[in-house]
Amino acid sequence: MNKKKIFNDPVYGFITIPSDLIYDIIEHPIFQRLRRIKQLGLTDLVYPGALHTRFHHALGAMHLMSMTLDSLRNKDNQISNEEYEATLLAILLHDIGHGPFSHSLETSILPEAHHEELSVIFMEYLNTKFDGALTLAIEIFNDNYHRKFFHELISSQLDIDRLDYLNRDSYFTGVAEGIISSERIIKLLDVVNDRIVVEEKGIYSIENFLNARRLMYWQVYLHKTTISAEEMLISIIKRARYLAQNKVDIFVVNPLKLFLETNIKASDFKVNENYLKAFISLDDYDVFSAIKQWMHHPDFVLSFLSTHLIERKLFKVKVQNKPFDKTFIKEIGDKIKSKYNIDQKSLQYILLQGTISNEAYISQGLNINIVNKKGEVLDIADAADLPNITAISKKVKKHYLCWPKSINL
């Protein structure tokens with residue numbers, strides 16, 4: 001069978017599958033599930049084109065990684081064929097643990113399991129199915145491999161994951177501020193002392209990359225209407241979980257029912273393969289099908305939230321730099337309780353609040369390093385006169401409050 005297939009990607013054009021093993025991994029049901037998980041959750045309620053999936057992103061990241069490894073090889077960095085394939089597998093599978101609606105329901109369906117923990121578990125599961133062929137990929141993913149720069153390409157402040165999702169999310173949302181010169185950045189990457197560095201002439205491309213990431217967070221990932229929609233979705237799942245664990249009958253497919261009725265941790269997947277198989281079968285469609293049924297559920301809170309989300313009657317959202325005044329919150333809460341005849345316990349599902357933060361560059365820890373013409377390696381913040389880096393490094397925290405638009409103040 002010919003496994004040298006080609007994907008036609010809207011961002012990069014043709015993407016080739018470089019090996020039979022990678023083809024077989026892509027064909028596996030665990031990976032194919034990513035076709036049914038949207039990359040940006042409910043962001044399409046704000047930007048209608050944002051319907052791309054984790055499947056798109058995984059293939060795009062693999063493509064950029066192959067370009068990166070080829071470029072590093074051309075600069076006389078020794079990369080074996082085994083390391084090459086393992087690094088492609090690691091980036092291909094880096095998001096394999098995402099559940100329905102990606103980050104939107106990260107801690108709702110599985111409150112005690114992060115997607116990266118599940119990604120490792122699923123990679124280990126696939127490793128047993130492929131006779132240990134993913135062992136090196138898992139070592140690189142977990143940063144247990146002795147050549148550390150491979151892991152930096154998977155996970156760092158300048159990794160291949162970010163290079164793909166910024167351009168891809170920009171393309172599908174139509175937000176031009178997210179466009180970066182990923183090909184130029186890749187061509188200017190090198191390895192010094194087993195760490196990824198950027199050649200000095202690429203410093204302004206990196207500044208643009210960091211600024212694009214900051215803008216994409218405010219305009220797309222943390223857009224206030226997206227926050228409203230995703231908070232409503234989270235509240236629906238929380239209410240459904242509460243009802244399910246209190247033996248109230250709710251329509252739901254068996255895999256989702258399992259995770260709503262049971263508080264499952266990531267470690268449980270290792271001892272009970274049924275949990276793993278149930279999660280593999282769960283996707284965006286299961287959740288939305290349930291929400292459509294819950295529109296007609298006798299529980300007012302579940303029905304109210306589900307109807308408003310399906311019909312895109314999204315809650316009003318107010319965002320500000322300082323915490324909301326408790327008197328203001330109580331005033332809104334009292335009006336909600338009076339209008340909908342609900343108690344204080346039910347109010348928590350309809351009056352929603354939280355915080356968001358944006359920090360495009362963390363100047364401590366895994367820095368983005370620049371190598372100058374003298375061979376000196378410097379943090380990008382110290383490498384040149386870039387006043388924007390100081391601003392980008394500042395963590396901005398904001399507070400938000402969401403409530404039904406029918407409540408007038």
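Let's start with two helices: α11 and α15 (residues 284-294) pack at an angle of about 75 degrees, their axes 12 Å apart. Here helices (H or I, at least four residues) and strands (E, at least two) are DSSP runs, numbered from the N terminus, while axes are lines fitted to C-alpha atoms, for helices over the stretch in contact, with angles running from 0 to 180 degrees between N-to-C directions. That makes α11 and α15 roughly perpendicular to each other; angles under 35 degrees count as roughly parallel, over 145 as roughly antiparallel, 65 to 115 as roughly perpendicular and the rest as oblique.

This is a predicted model, where local features need pLDDT of at least 70, side-chain atom pairs count only at pLDDT 80 or more, and totals for chains, interfaces and linings use all residues. Residues are numbered from 1 along each chain as its sequence is written, and side-chain values use heavy atoms, leaving out hydrogens and water.

So who touches whom? On the α11 side you'll find L233, I236, I237 and A240, meeting V287, I291 and W294 of α15 (contact means heavy atoms within 4.5 Å). Sorted by type, the residues of this contact are seven nonpolar, no polar and no charged. Ala, Val, Leu, Ile, Met, Phe, Trp, Tyr, Cys and Pro count as nonpolar, Asp, Glu, Lys and Arg as charged, and the others, Gly among them, as polar.

α11 turns up again at the largest pocket, giving five residues, the largest share of its lining. A pocket, on a 1 Å grid over the protein atoms alone, is an open set of points with protein on both sides within 12 Å along at least five of seven lines; a cavity is a set where a 1.4 Å probe fits but cannot get out, and lining residues have an atom within 4 Å of a point. The largest pocket has a volume of about 1,400 Å³, meaning the space filled by probe spheres set on grid points, which are joined across faces, edges and corners. Its lining counts 42 residues, with H103, H115, Y165, R213 and Y217 nearest the centre, and divides into 13 nonpolar, 17 polar and 12 charged.
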